[in-house]
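Here is a short report on one protein model. Keep the sequence beside you as you read, and look up each residue as it comes.

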Amino acid sequence: MTRPAHLPRLDQDDDEPYAGAGDGRYFNRELSWLAFNRRVMEEACNPAHPLLERLRFLSISGSNLDEVFMVRVAGLKGQQKQDVDRRSADGLTAGQQLSAIIAEADRLMDSQQAVWGDLRVLLDDAGLNVLRRDEIDAEAEEWLETHFREQIFPVLTPQALDPAHPFPFIPNKGISVIFDLVRVSDDEPIRELVMLPLAMARFIRLPGDADRYVAVESVLKRFAPLLFPGYVVHGAATFRVLRDSDVEIEEEAEDLVRYFANAIKRRRRGRVIRLELETGMPDALAAVLKEELGAEGAIITESGNLLGINDLDAIVDADRPDLKFPPFTPRVPERIREFGGDCFAAIRAKDIVVHHPYETFDVVLAFLKQAAADPDVVAIKQTLYRAGKQPAVINALIAAAESGKSVTAVVELKARFDEEQNIVWASALERAGVQVVYGFIDWKTHAKVSLVVRREGTGFRTYCHFGTGNYHPVTAKIYTDLSFFTADPKIGSDAAQMFNYINGYVEPVAMTTVSLSPRDLRPKLVALIDAEIANARGGAPAAIWAKMNSLVDPSVIEKLYEASEAGVAIDLIIRGICCLKPGVPGLSSNIRVKSIVGRFLEHSRIWAFGNGDALPNDGARLFISSADWMPRNFDRRVEYMLPIENRTVHDQILDQVMVANLLDTEQSWDLQPDGSYVREEPGDKPFNLHRYFMTNPSLSGRGAAQEVRVPVLSLRRGR
């Protein structure tokens, strides 16, 4: 489906050209992302976390760094290859950005390896051992040899590297070992390559009560003589490949499903972006790999420790509860309990907000399941961006369609790295009779909305769910997000117009509550900031509190700079990328930016504007959204911004969620004017946002709110 004709095609890059580019007003987007990943890695050094949780943070930082190369570096290299004359908002060419990214990524990788070395020692002390080749004792050797013969040897396929044997394809993230051998019979040298199947476990757990693991490549090297009888092993080195994993959309694609199915296959064979080598690999051998992999322009790195830090997540799964966070069971919201689990009755009585993961995502599933089973429900409309591999949401929609209801699912095929799973779900939904649409070719449908139409009395009532996060049962346990349920007819009408816009290009008219990108979300946001500027210039209290994942958009940043220097007090909670420079005299002296990194991934988008009042809850205008403040969210995605006007829900979100984020000291990092992040000092009264919500009542009561509700001036620490 193409875009409506009246709307222009916009560039795919997040760094839109801007008149102020290069004048020192912005941080670089890519370097800001790497700075976030360093904060994630730093949590692996945090002694407040249990050991395996520290290892989890290290693994996540490895996975994040892989994605930087597979997507962002790949994109910049593509620009460079095509001689695209484009500068980032901070004024750097693609080549300049690549140089800076590679230098910082190398430093980050060195830090990851050092942290892994430290954690390995601590894990040894805790009785969880990841053994090196020279640490394998005789008993383990005997068991490993049997395991190698029976479980590993049958699935390996050594390949000679000579003119008669073409170099094999190495898959993305694939780990391989290259051997230099000499044949005993005639002293003939030969080179062999062994690829480790992606489905093979990276670490092998040794039998017994002790928690002992060994990397599979270490086992392969140790028992290479069994794989190569009649040869002497003179050397062996491990390497790993990262490939370009972005998928570009062609406007002329006639069948989007078929296009993406083919694009996923092409992605697996994308050009090599990064080649990771085990330290000590001879230069001649590295040169052979570069040539055979077509990696002359790839980024080459070396590591003497562990390639593929992200694979340590397998060790995190060890059965050692003493080395993990205490288990946490989400609560069922009080309002749902009051109505005996009847979601529709609870929503009819009053709007509801659910705070994940502290309150269970099962409420969202129950809403859809109840809609599927209710004979009075006549229609369900649902967006699906990332639904994961668990079929709960899909099954509810299938059940609804099979019971005769009209069900529409907007499945986003362009959700990066979830394209393949989304194709599977789309096929299953279509077979059940669900009307499946794929939105726009140029834009992603990123809004998270469910709409249920129910026959009640002589008419129909519309129930809506708006989420700041995905309909993904797994990530809902570790991402902090908000679910808002309402039966407000104005919101229901706007949601219906949104679905008509996505499904049939029917232009929304007279939307009274919801703002949508790429139509009017940015202008509405700018108008809200302008209102605070007017308040400040008129002598009234003026403040902005905003929480999101990323802040990149130059036009919004410029408007925030203007607000700051007009006297608006601005507190931003930006988990990841932030291109705005805070605390710069004459530019952003009234802006404070913090990032929260802890047990849960901060994901909710909450925006509040003081509206001329001195306290954050007295008359402040509050919004939730699916969007970050990035060009792609404003210009190339269907996103929503929803005002929260119900007083109870308004106070629950602002008094509790937003204020608690601002008060957190134990998991917070403050962004400095030079781009560095400094961990906040806990102080005399340390406050841990995640612990607070895990141990306090749900958002339905005022008691918890009163514990953290404070005047706005006390929120502005250090001003």
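## Two cis prolines

Start at P518. This proline sits in the loop between β18 (515–517) and α16 (521–537). The peptide bond that joins S517 to P518 is cis, with omega at about 5 degrees. Keep in mind that the whole model is predicted.

A cis bond also joins H356 and P357. There, omega is about 0 degrees. P357 belongs to the loop between β10 (352–356) and α12 (362–373).

## Two positive phi angles

Now look at Y505. Its phi is positive, at about 60 degrees, although Y505 is not a glycine. Y505 lies in the loop between α15 (489–504) and β18. Its relative accessible area is 28%, so Y505 counts as partly exposed.

D187 is not a glycine either, yet its phi is positive, at about 55 degrees. You will find D187 in the loop between β3 (175–183) and β4 (189–195). Is D187 buried or exposed? D187 is exposed, with a relative accessible area of 59%.

## R87 and its loop

R87 lies in the loop between α2 (51–81) and α3. The residue is partly exposed, with a relative accessible area of 46%.

The side chain of R87 has a polar atom 2.8 Å from the backbone oxygen of G91. Next, compare R87 with Q97. The two residues are 10 residues apart along the chain. Their C-alpha atoms are separated by 9.1 Å.

## Salt bridges

How many salt bridges does a search of the whole structure find? The search finds 44.

Take R205 and D211 to begin with. They form a salt bridge, and their closest N and O atoms are 3.1 Å apart. R205 is partly exposed, at 35% relative accessible area. D211 is buried, at 9%.

The next pair is D322 and R320. Their closest N and O atoms are 2.9 Å apart, in a salt bridge. D322 is exposed, with a relative accessible area of 52%. R320 is buried, with a value of 13%.

## Cysteines without disulfides

How many disulfides are there? The count comes to zero.

C578 shows why. Its sulfur is 6.9 Å from the closest cysteine sulfur, which belongs to C579, and this is too far for a bond. A disulfide needs two cysteine sulfur atoms within 2.5 Å. C578 is buried, with a relative accessible area of 1%. C343 is another buried cysteine, with a relative accessible area of 3%.

## The second largest pocket

How can empty space be found? A probe the size of a water molecule is rolled over the atoms, and this shows where space is left.

The second largest pocket holds about 410 Å³ of space. Its lining is made up of 20 residues. Those nearest the centre of this pocket are S218, K221, E278, G304 and N305.

Which element gives the most to this lining? The answer is α5, with three residues. At least two residues each come from α3 (94–125), β1 (128–131), α5 (216–222) and β7 (231–243). By type, the lining of this pocket has eight nonpolar residues, five polar ones and seven charged ones.

Key. Residues numbered from 1 in each chain as written. Predicted model: local features only at pLDDT ≥ 70, side-chain atom pairs only at ≥ 80, totals over all residues. Heavy atoms only, no water. 1 Å grid on protein atoms, 1.4 Å probe; cavity = no way out; pocket = protein on both sides within 12 Å on 5 of 7 lines; lining within 4 Å. Points joined across faces, edges and corners; volume = space filled by probe spheres on them. Helix = DSSP H or I, 4+ residues; strand = E, 2+ residues; numbered from the N terminus. Nonpolar A, V, L, I, M, F, W, Y, C, P; charged D, E, K, R; others polar. Salt bridge = Lys/Arg side-chain N within 4 Å of Asp/Glu carboxyl O. Buried < 20%, exposed > 50% of the residue type's maximum accessible area, 1.4 Å probe, protein only. Polar contact = N/O pair within 3.5 Å; in protein donor to acceptor, adjacent residues only side chain to side chain.
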